[in-house]
Amino acid sequence: MNLLELQSLLPQLILALGATAVLMGGAWLENRRFWLLCGMLLALVAALCAALYEPPLLEVAGMYSTSLYARFCTVVWSLTIAATLLISCRYADLHCFGGGEYAALLLFAAAGMSLLSAASSFVGLFIGLEAFTLVLYILIAFNRTDNRGAEAGLKYLVFGAVATGFLAFGIALIYTATGSFHFAEALAGLQLDGGLRPLGLAGWAMLLVAIGFKISLVPFHLWTPDVYQGAPAPISGVMATAAKGAVLTAFLPLLAGLGDAAGEIKSVLWLLAILTMLGGTFAALPQTNLKRMLAYSSVAHMGYMLVALLIGGEVGGQALLFYLVVYSLATFGAFGVITSWALADEEIQEYAEIRGLGYLHPRRSSALAAFLFSLAGIPPLAGFFGKFGIFHAALRSGYTELAVIGVLTSLISLYYYLRPIIVLFMQDRSAYQLRSGCREEFILLGSCFAAILLFGVYPGPLLELVALVLP
Amino acid sequence: MTAETSITFPWLSLLLWLPLLGTLLCLLWRKSAAACRYLALGTTLLVLLVSVGLAVSLETGAGGWLLFEDYRWIDAYGIRYTLGMDGISLLLILLTAFLQVIAVLISWDMRKHPALFFALVLVLETGIIGVFLALDLVLFYLFWELMLIPMFFLIGVWGHERRVYAAVKFFLFTLSGSLLLLLAIISLYLLHGEQTGVYTFALAALKQTELNFTQEMIFYLCFMAAFVVKVPLFPFHTWLPDAHTEAPAAGSVDLAGLLLKTGVYGMIRFAFPLFPLAAEKSLPVLAALALIGLFYAAWIAYLQFDIKRIVAYSSVSHLGFVILGLAAWNQTAWEGSVLLMISHGVTTGALFVMIAMIRQRTATREVDKLGGLWQSQPNLSAFFLLFCFASLGLPGLANFAGEILILIGVFSSQPLWGAIAVGGILFAAAYMLRLLQEVIWGPCCEPFDKSDLCRREWLILIPLALLVIWLGCYPQPALDVMRAPIQLLLQGGMP
């Protein structure tokens, strides 16, 4: 590895080396807030560096690309991690988290996610995926006094290990068939007469199972609600947004590389998309716990994104990335509100606990309502143009049935998005006053809110940016 | 045309965004209820002033767009910010601006979260005006949905006993229609793009799309799904009685006076011109549903015991009349329909205002517990009498002019429909007279608050009453404004 290659990986190096430094420093100096803000600063520097610094090489070690697409993803994941660190400030104080470890682990996760979306070979993909999944195992159970957190961590570990097994096996099969780990060669080698070779098909099936676990597609989604419920709220936020987004963005060029031979894969994805949209939506209906509802809602949204993914090309890719960004903003914001409401010994999750809270904490409640409306796709919030893009792509590519199912599930989804809003604003007060929000939380929730409003009325710039970075 | 008019001052945008500015100010001053009240009143009055100013200063008799604005907005999908106002939009915007002032005044004593309440009323105004102005289908859809959230909260937070149920029902019903509309809009856009290579959501361009009959019918049905739910046409009306009954006074005024009109407006502005063949085929069905609704709703209204529900069902019945006029598809009937929309907005708005005042004094809306109001509150009862008579179509008062025009128009093309519809007026008389009899005459039930109208109430009722009389006796100015645009719409051509 020469200097040029290191330079090309500068953002990831900043994240990884910064994480190491924070970890070391955290052992000497026990100042929680300092290390969290330090970590946030590092993540911001990494994002800035990825956005502005032109890497000298196009590909590093045949494993990671430094294309615009990869850089865009790095920016987004780094910003997500920076936001997580910012919103965790008081949460970490309440739960006495070790500041150094927490910040370092999140930075490692950012490095892993950024490597995953930048992967251009199966080895790179595997390393990137494992790097941040391992970190998440720890972060989910980070609150050591919470039994539910430990249970969630274990659950994620077991499912994650199985998924890793499938992934490794799938990669092995593809390697056996083609003798290459590199995406371009391997994917070209898999094709035979405009279709996939049997070994390749088997490999892809394994890959799909692994990915299904990671982004919780129905029927591989069963871990999602339990893990989200048990994990600390900021970590659930990361898992629902960046962790899933990284896998999706890694998968997009992979599927595009198959070209016309992806017919069989696409028909499987078609089925998975329908199952996921319906399954997630119907499972979310009876929920009375905010985090579990958001978990199932994230499952349903993965279904929508799968529609865009399987359409692929310019239209699908644009719709996918735009959707991913606005979905992430809203979901992260919703988990941010839960973070901000958290008490020292428990989080406020049940609907019964937030009755009438809308008038005690008007700003955070309105923000939560706006995030939920955005997830439901109601204009003038950004979620509307996200769904608009996906339905547009589906109709344009002839997947009318997917668009119709998407519309129906959005309609049904309204029921479970409205419920917390009704509880917050339309029921009599039984909630007790919670802590008033601190400044960092307001800054972050305010920016999420402003962003979904801005992209809801003026999505043009984001759409253009997304179209620009597509591979 | 665009080049010439877009340089001038963007009056339409001003009209559209002024209420939203008021919303922001309300939220900023949320600590002071009085400030919010005056802000809301000031904003709505300003909007009314601007729209009246426009109505007076513009050459309203002419066809074509009186005002037009067109800017780039979202290039990636070819969505533009296109606003246009013709005579019909102008009348409906005048109605909106007027009724919003009434809605603010009637809620003057709002004690529960006043800032949020007035903020939502103002957002609603932006949504409604936007629907009446938008000429780009996506822009239209945005405003169409923008009306939902404030109304949902207005019903759900400030409504009566079963408010949450009514709010959710309203939201789900209207949204289910609109999502079909969204799918149809996108499909139409794609078809047009494939045919011409130009991807645009502009109404004028999409009208040129060549469709075979099946496609046209499917699109038309999807569009109508959104509009008939909002109107609401029988049998899609079941959300309306609940929403109207549970909504607070201002919410009922807005719902009946304005939201229902957006459905009719959507039909005449979008559904009919875009899909003329399908529309023509559907006219008998529309007429049949309108007639059924006319009688059915009137009959149900007669059987109600809640005075708010009586008026709510009377709205369904009147809107049936409006749709019947549209289905007759000639100039006179259409003029009658648009005029009846305006009159119905004023009279029904006034009736909901009166019901709120009666409820304030008697704490009930049950006809059984009401009666003999004339003895203690003659002024209030006199106004109630006037508006009830206007609503049942007494000659010389607002609804009569519209109804008679519709009947003349319907008779000239479909005498049978007209003959049936005449009976509807009789039905209207039946339930309205029953309402009058039970509330202001009959055995006296002591209201706990015997005060007659206060100054603010006079201020609300006098303009409403004047307008009711004016629209009934001399609707000519309104007819002049709508004549040319209706001619154009009936010929299927828009400027």
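Residues are numbered from 1 along each chain as its sequence is written, and chains are lettered from A and ligands numbered from 1 in the order in which they are written.

Helices here are DSSP runs of H or I with at least four residues, and strands are runs of E with at least two, numbered from the N terminus. Within α2(A), the buried positions are Pro11(A), Gln12(A), Ile14(A), Leu15(A), Ala16(A), Gly18(A), Ala19(A), Val22(A) and Gly26(A). The expected span of a helix is 1.5 Å times one less than its number of residues, and the 19 residues of α2(A) (residues 10–28) should therefore span 27 Å, in agreement with the 27 Å between its end C-alpha atoms.

In chain B, Val138(B) belongs to helix α6 and is buried, because 25 other C-beta atoms lie within 10 Å. Beyond its neighbours within four places in sequence, Val138(B) is in contact with Ile79(B), Ile185(B) and Phe201(B), two residues being in contact if their C-beta atoms, placed from the backbone, lie within 7 Å.

Between the two chains, 24 residues of chain B are in contact with 23 residues of chain A. On the side of chain B that touches chain A, α6 (137–146), α7 (148–158) and α8 (163–196) of chain B each supply at least two residues, and the largest share, twelve residues, comes from α8(B). By class, this side of chain B has 17 nonpolar, four polar and three charged residues, with Ala, Val, Leu, Ile, Met, Phe, Trp, Tyr, Cys and Pro counted as nonpolar, Asp, Glu, Lys and Arg as charged, and the others, Gly among them, as polar.

As to confidence, the predictor gives the complex an ipTM of 0.90 and a pTM of 0.92. Chain B averages a pLDDT of 87, and 97% of the residues score at least 70, pLDDT being the predictor's confidence in each residue, from 0 to 100. Over residues 1–6 of chain B, however, pLDDT stays under 50. Where pLDDT is low, the predicted coordinates should not be read in detail.

Conventions
This is a predicted model: local features need pLDDT of at least 70, side-chain atom pairs count only at pLDDT 80 or more; totals for chains, interfaces and linings use all residues. A residue is buried if 20 or more other C-beta atoms lie within 10 Å of its own, exposed if 12 or fewer, and partly exposed in between; C-beta atoms are placed from the backbone.
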